[in-house]
Amino acid sequence: MPSLFSQIDSSTSHDSPNQELLSLLIDTEHVDSAQPILSSLLDFIRSGTARISIVDENYINEKRLLRLQSQFTPRLVNLILESEFEYGIDSQVDVFIRNQMKENALAAKHWINDIFVSNFQNPVILVGILHIMSRLSYYEVFPEGQLMAAAALVHSNVEVQECGVRAFESWATLESLTILNNVRVATPWLQEYIKEVVKDLSREQNAPVG
Amino acid sequence: MPLLVRKIDKAKWLQNDITGSEDVSADAITICLKTSDNKLSVWKVSTETDIEEAILAIVSGGDHLEAIDIITIDCQRMASDGIGFTQNPEKSVTRVQDLKDAHYDITDLSYGKLGVISQYIVDCFKKGQIINSCKEGQVIRCTEGYLKGIMLEAIEDGRLKKEDLPDSIQKKLP
C-alpha cells in the first residue's frame, strides 16, 4: 500500500518538554486525495492555532478513569441506592454500566472495582455492583469482576455472599466451578445453594467434582 | 388445589429470623411485595404438579436468566381471608403465549391484607426451603441450571422460540 510520510516539530505539543521530530506515516490507497488533506493538517498545526498532544493508551485510560471518578461516582452510587434490583430484570444501573463499559472497558472495570473496595462496609452498594457484574460476560469483567465476587464470598453479610455465588453461577466457567467447590459458608441455605450450583456447573462443564 | 405463585427474593426474607420470633424486615415487604395500583402480580396453577409452568412463565418474561425464589399461596386460604384475585393476561410479560392466561393480580390490597400475604410467605419459610423441586407451600429456589432445563423443554415443545428471548438469555442456552 502506498505511504505518505511527514514530520512535525514536537515543540507544537504541550506534552513534550523536549524538542523532537514526530514522524507520521500514513498508509493509504488514496494518496492523491490524502496528500492535500495532510498538507492542510500540517499547515494548521504549524500555524499555532492548534495544539497537539502526544498520548498513549495509558494516558487515555487514566484520563477516562479520572473522568469517571470525578463525574460519575456519585451518580452510580445514587443510582444503586435508588434502584430496585430484581433477579432476572434489567435495572437503570445495568444500562448505565453497559454504556460505560462500551466506551472504555478497562477504565470502567477499574473504576467499579475502586467503588467496590471503598464501599466494602456498605452491603447495598456491593449487592448492586455484583448484580451488574454478574450480568456481563466472564471475559468482559475479567479479572476485576472475579476478584470482587471472590471477595464477596467472605463478606460478613449473607446477601453479599449470595451475590458472589450468583456471579460465579452466572459466568458458569470451569474456574467458577473450582472456586465454588472450595467455598464453605456458615449459612445452611446458602451452602445448600452452592452445593446445587456446583452440581449444575459440574454437569455443564463435564467436570466431575469430589 | 389451585395455587398462586409469586417470585420473591429469599435473602431479603432471611435478613431476620422469621422462622423464629423475629419480625419480617422492611426490605422483604417493600421489595418483594411492591404493589402497583394496589395489586400484586401472581401466576395461577391448578395443582402442585403445574408449579413449573408458573416458573416457565416468570423466567421466559425476564431480561436475564438468573436463579430465582418462588413461593405458592393456597387460593382457598386466600378466599377465606377475604383476599381476592382476578385474571389479567394483558399485564402478563411471559413469552410463552399459552401461559398468558395464567397471569393474575391479587387485588384491592391494603396495609392489613399485605400483612396477611406476608404471613403466608413466612409460613412457607416455616414449612421448609427446597431447591430445584416443586412442592406446594414451601420456598423453592430454582438455580440457573434448573431454569435452563425448563426453558429448553419449552423450546423443544415449540411453546417458546429461542430467538424471541433477549440476547443475554439466548447466550446461556445451548
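This is a predicted model: local features need pLDDT of at least 70, side-chain atom pairs count only at pLDDT 80 or more; totals for chains, interfaces and linings use all residues.
Figure 1. The charged end of A:Arg166 lies over the ring of A:Tyr87, at 3.3 Å from the ring centre.

**Figure 2. An edge-to-face ring pair, A:Phe96 and A:Trp111.** Nine aromatic pairs are found over all chains of the structure. In the pair of A:Phe96 and A:Trp111, the ring centres are 6.4 Å apart and the planes meet at 70°, so the pair is edge-to-face; angles over 60 degrees count as such. The two residues are 15 apart in chain A, and the pair links distant parts of that chain: A:Phe96 belongs to helix α3 (residues 92-103), A:Trp111 to helix α4 (residues 105-118). Both A:Phe96 and A:Trp111 are buried.

**Figure 3. A cluster of aromatic rings in chain A.** Ring pairs connect A:Tyr138, A:Tyr139 and A:Phe142 with A:Phe168 and A:Trp171.

**Figure 4. The largest nonpolar core, with residues from chains A and B.** This core has 84 residues. The members that touch the most others are A:Ile97, A:Trp111, A:Ile129, B:Ile55 and B:Ile68. Leaving aside residues up to four places away in sequence, B:Ile55 touches B:Ile68, B:Ile70, B:Cys134, B:Cys142, B:Tyr146, B:Leu147 and B:Ile150. Another core, of 26 residues, lies apart from the largest one; B:Ile18, B:Val24, B:Ile83 and B:Leu109 are among its members.

**Figure 5. Cysteines of chain B without a disulfide.** The structure holds zero disulfides over all chains. The cysteine sulfur closest to that of B:Cys124 is in B:Cys32, 13 Å away, which is too far for a bond. B:Cys124 has 2% relative accessibility and therefore counts as buried, the limit being under 20%. B:Cys134 is likewise in no disulfide. For B:Cys134, the nearest cysteine sulfur is that of B:Cys142, at 6.0 Å, whereas a disulfide needs the two sulfur atoms within 2.5 Å.

**Figure 6. Strand β2 of chain B and its antiparallel partners β1 and β5.** Strand β2 (residues 40-45) runs antiparallel to strand β1 (residues 3-8), and three bridges join them. Across this pairing, B:Val5 stands opposite B:Trp43. Strand β2 is also joined by four bridges to strand β5 (residues 103-106), again in an antiparallel arrangement. Here B:Ser41 of chain B faces B:Asp105 in β5 as its opposite residue.

Technical notes
Residues are numbered from 1 along each chain as its sequence is written. Chains are lettered from A and ligands numbered from 1 in the order in which they are written. Side-chain values use heavy atoms; hydrogens and water are left out. Rings of Phe, Tyr and Trp (its six-membered ring) pair if their centres lie within 6.5 Å; planes under 30 degrees apart count as stacked, over 60 as edge-to-face and the rest as tilted. Buried means under 20% relative accessible area, exposed over 50%, partly exposed in between (1.4 Å probe, protein chains only). A charge sits over a ring if NZ of Lys or CZ of Arg is within 6 Å of the ring centre and within 35 degrees of the ring normal. A nonpolar core is a set of buried Ala, Val, Leu, Ile, Met, Phe, Trp, Tyr and Cys residues joined through side-chain atoms within 4.5 Å. Contact means heavy atoms within 4.5 Å. Two strands pair if DSSP finds at least two bridges between them.
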